[in-house]
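Please walk through the fold of this protein chain, from its overall layout down to single side chains.

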Amino acid sequence: MNNLKRASGLLFAALLASATVTGCSSAPVIELELGKLEILQGGKQVTAVTVKPGVEYVFRVSNVLGRDHNFWIGQKEDLAAQDYSRLTGVKLFTSGTQEIRYTFKAGDTLQFACTLASHYSPMHGDIIVEG
């Protein structure tokens, strides 16, 4: 019986260690919500986010109203022109949450945006790289 308890304990410890390693992420998370025609953070419209160079960030983007949206990171000109070959992001989605990982470089001058027709103007913001 003691061997069975010891084996069960070891198995539990191994499973716990495995879950801790695979479920762990040190990347800072930027939570954003896509609303009617605005991008929200903490319930308030956001027009800029500040990041540090060389750090991988996770953008967790939720579509909260069930309307068509997308979410892209890139140069202002590429976002406005919808040049997706030069952008990183999420194609059209109507509901749920999508994640994007991005590492910024010193000197980057980027924006985030929904680029659907008539969405870009009210649904974009600057990414400020500091540090």
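Is Arg 86 buried or exposed? At 56% relative accessibility, Arg 86 counts as exposed; here buried means under 20% relative accessible area, exposed over 50%, and partly exposed in between, with a 1.4 Å probe and protein chains only. Arg 86 forms a salt bridge with Asp 78, and their closest N and O atoms are 2.9 Å apart. A salt bridge is a side-chain nitrogen of Lys or Arg within 4 Å of a carboxyl oxygen of Asp or Glu.

Some ground rules come before the rest. This is a predicted model, in which local features need pLDDT of at least 70 and side-chain atom pairs count only at pLDDT 80 or more, while totals for chains, interfaces and linings use all residues. Residues are numbered from 1 along each chain as its sequence is written, and side-chain values use heavy atoms, with hydrogens and water left out.

The protein chain has two helices and 10 strands. Both kinds of element are DSSP runs numbered from the N terminus: helices are H or I with at least four residues, strands E with at least two. Along the sequence the elements follow the pattern α-β-β-β-β-β-β-α-β-β-β-β. Of the 131 residues in the protein chain, 31% are buried. Among contacts (heavy atoms within 4.5 Å) with a separation of 6 or more, 69% are between residues 24 or more positions apart. The accessible surface comes to about 8,000 Å², and carbon and sulfur atoms hold 53% of it; such areas come from the Shrake-Rupley method with a 1.4 Å probe, and for residues only the protein chains shown count as cover.

Five of the strands make an open sheet with mixed pairing, in the order β3-β2-β1-β5-β8. Two strands count as paired if DSSP finds at least two bridges between them. The edges are β3 (44–45) and β8 (96–103), each of which pairs on one side only.

The structure holds four salt bridges. In one of them Arg 101 pairs with Glu 56, with the closest N and O atoms 3.1 Å apart. This pair links distant parts of the chain, since Arg 101 is in strand β8 and Glu 56 in strand β5 (residues 56–63), 45 residues apart. Arg 101 is partly exposed, with a relative accessible area of 42%, and Glu 56 is partly exposed at 35%. Glu 99 and Arg 60 form another salt bridge, with a closest N to O distance of 2.7 Å. Glu 99 lies in strand β8 and Arg 60 in strand β5, so this pair ties together parts that are 39 residues apart in sequence. Glu 99 is partly exposed at 45%, as is Arg 60 at 26%. Salt bridges with shared partners join Glu 31, Arg 60 and Glu 99 into one network.

What lies in the interior? A nonpolar core is a set of buried Ala, Val, Leu, Ile, Met, Phe, Trp, Tyr and Cys residues joined through side-chain atoms within 4.5 Å. The largest such core has 22 residues, and those touching the most other members are Ile 39, Phe 59, Phe 71, Ile 73, Phe 104, Phe 112 and Ile 127. Two or more residues each come from β1 (29–34), β4 (48–51), β5, β6 (69–74), β7, β8 and β9 (110–113). A second, separate core of five residues includes Leu 79, Leu 87, Ala 113 and Tyr 120.

Val 90, in strand β7 (residues 88–93), is buried at 9% relative accessibility. Beyond its neighbours within four places in sequence, Val 90 is in contact with Asn 70, Phe 71, Trp 72, Gln 98 and Ile 100. Gln 111, in strand β9, is buried at 7%. The side chain of Gln 111 makes a polar contact with that of Tyr 120, at 2.7 Å. A polar contact is a pair of N or O atoms within 3.5 Å; within protein, one must be able to donate a hydrogen and the other to accept it, and residues adjacent in sequence count only if both atoms are side-chain atoms. Outside four places in sequence, the contacts of Gln 111 include Trp 72, Leu 79, His 124 and Ile 127.
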